[in-house]
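Dear colleague,

I am handing over the structure below, together with a summary of what was found in it. Please read the notes beside the model itself.

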Amino acid sequence: MDKTATGKEEAKWTFWLLTAGISTTFGAAIPTGYNIGVINAPANFIKDWCNETIFETYGTVLTEGELDTFWAVVVSIFLIGGVVGSLGGAWLADRLGRKRSYLTCGFLLVLGGICFQFCRAVSSVELLLLGRVLVGLAAGLTTSTVPMYLTELAPIELRGALGVFCSMGVTGGVVVGQILSLEEIFGTDELWQFALSFYVLLVITFFVPYHWLPESPKYLYVIKQKRDEAINEIKRLGGKNVKDEYIKQQIESMRSEDIPNSISDDEETQRSKPKQRSLWSVLTDPTLTLPLILVCALQGGQQLSGINAVFFYSVSIFESVGLSSTNAKFANLGAGCLNLFVAFFTPMLMEKFNRRFLALLSCAMCAVFLFALTFVVYFINHVSWFSYASIIAILLYILFYQIGLGPIPYFIGSELFEVGPRPAAMAMGSISSWGCNFLVAMLFTTLQSAWGAFVFLPFTVTCVLLTLLLKYYLPETRGRHISSIVPLVSNGFRSKPLVPWS
């Protein structure tokens with residue numbers, strides 16, 4: 001029963017699986033990415049408005065350096081909100097449930113959008129900052145709870161395919177935000193507030209089916225001990241023609257997480273134990289150390305692999321081959337579209353290929369092309385065709401990033417942890433992601449000025465180290481019950497997760 005919990009004919013996309021996936025992707029994941037991508041293009045217009053508003057309100061004229069510092073706060077406070085939102089995700093996921101955690105994401109996103117829309121009308125930079133904090137909180141909550149919610153809804157065979165919906169949404173949201181913030185659309189002195197708040201239409205539209213969305217059966221069965229409600233949700237998720245055998249197998253899968261393997265406690269004693277785990281209890285449990293390191297390393301490594309830095313640097317590289325500044329920005333947008341295009345294929349990749357293979361291939365090849373990018377950028381003025389080689393290196397890096405390092409970190413925690421410690425683990429992974437994102441945002445420009453082309457070397461080293469960690473300690477999770485994965489990584493760095501399985 002390790003490879004699959006059901007016959008292949010039962011692993012199908014049903015109405016409620018698709019509805020939950022689409023609703024959470026467009027209602028929370030895309031708005032999260034949107035708020036990452038929308039802020040750059042109209043930055044100068046917003047900075048000018050901030051300077052004028054601060055003068056009108058406080059009688060203070062900011063110097064250029066002070067204005068740059070203030071703008072850094074506007075941008076980075078979103079990332080800090082992401083860290084705080086991730087931390088609250090563990091508590092909300094257990095107290096409110098997976099479904100209502102998603103509702104909280106939507107509520108915060110709408111409030112943030114309202115702040116963006118009216119900050120200019122009431123001449124309040126404080127409202128702009130509040131909006132950035134709120135959408136940051138929503139972003140952290142989204143990345144820590146939505147992938148967990150989706151993977152707990154899905155049958156084992158579709159767990160990875162549904163789990164990557166969140167990463168697809170974030171990737172797509174970044175591109176949509178970049179497009180709508182162009183000067184040709186909303187990125188102007190008169191319309192930038194509409195660029196910042198436009199995503200609210202998506203949130204409101206795709207929260208329409210919220211009332212009918214299923215709650216996670218595993219949350220109901222294991223955490224809330226509501227067996228009958230959990231079974232009803234399984235039946236709904238399975239569709240009209242769901243078979244009794246499928247329902248029994250799903251119940252058995254939940255029971256295996258509800259009652260851990262034990263030789264000293266009988267079944268009733270295990271049932272009476274609290275299934276919710278505090279963040280501290282997860283951090284101090286030695287059996288969870290290795291999977292927690294894997295989750296945090298993958299989520300943090302996703303940011304420290306340099307994806308944002310590559311997009312930032314690629315504009316100057318496109319300019320080096322003769323493109324104008326405007327065309328270079330459009331070319332950079334095209335690179336983002338490539339990132340999104342590859343992301344559309346990730347559900348199929350997760351369904352057909354092993355996680356371990358994709359993660360190792362992605363990390364290793366990202367390291368190769370980051371090193372190649374360092375080399376060609378360093379010698380770009382000495383070899384004429386190196387400008388084109390650098391573009392190829394960027395595009396290949398994006399391609400390999402998106403097949404593994406992009407999507408897998410979002411949901412891998414749901415496959416390495418049982419239901420009890422899962423919210424805390426997902427929260428720690430999300431904190432690692434937003435924290436490392438903040439680190440790159442704060443340090444990259446400074447390091448670029450000091451190191452030049454060698455700024456990509458730390459990202460290269462990160463990918464190499466991540467490849468080694470995954471090679472020796474990441475078990476294969478595709479098509480396997482959580483209860484069969486957990487023991488493989490329960491002995492810390494003495495674990496042997498690569499043992500053959502049948």
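Predicted model: local features only at pLDDT ≥ 70, side-chain atom pairs only at ≥ 80, totals over all residues.

Residues are numbered from 1 along each chain as its sequence is written, and side-chain values use heavy atoms, with hydrogens and water left out.

On the overall fold, the chain has 24 helices and 0 strands, where helices (H or I, at least four residues) and strands (E, at least two) are DSSP runs numbered from the N terminus. The radius of gyration of the chain is 23 Å, which agrees with the value near 23 Å for a compact globule of 502 residues; this radius is taken over C-alpha atoms, and the globule rule is 2.2 Å times the number of residues to the power 0.38. Along the principal axes, the C-alpha atoms fill a box of roughly 70 × 55 × 40 Å. Of the contacts (heavy atoms within 4.5 Å) between residues at least 6 apart in sequence, 81% join residues at least 24 apart.

The accessible surface, from the Shrake-Rupley method with a 1.4 Å probe, comes to about 20,900 Å², and 66% of that belongs to carbon and sulfur atoms.

Turning to the aromatic residues, a search of the whole structure finds 22 aromatic pairs, a pair being rings of Phe, Tyr and Trp (its six-membered ring) with centres within 6.5 Å, where planes under 30 degrees apart count as stacked, over 60 as edge-to-face and the rest as tilted. One of these pairs joins F15 and W16 edge-to-face, at 4.9 Å centre to centre and with 80 degrees between the planes. F15 is exposed, with a relative accessible area of 58%, whereas W16 counts as buried at 18%. The rings of Y102 and Y210 form a tilted pair, because their planes lie at 45 degrees, with the centres 6.2 Å apart. Since Y102 belongs to helix α4 (residues 98–119) and Y210 to the loop between α9 (200–206) and α10 (217–223), this pair ties together parts that are 108 residues apart in sequence. Y102 is buried at 0% relative accessibility, and Y210 is buried at 13%. Finally, F375, Y378, F379, W385, F386 and F454 form one aromatic cluster.

Definitions and conventions
Buried < 20%, exposed > 50% of the residue type's maximum accessible area, 1.4 Å probe, protein only.
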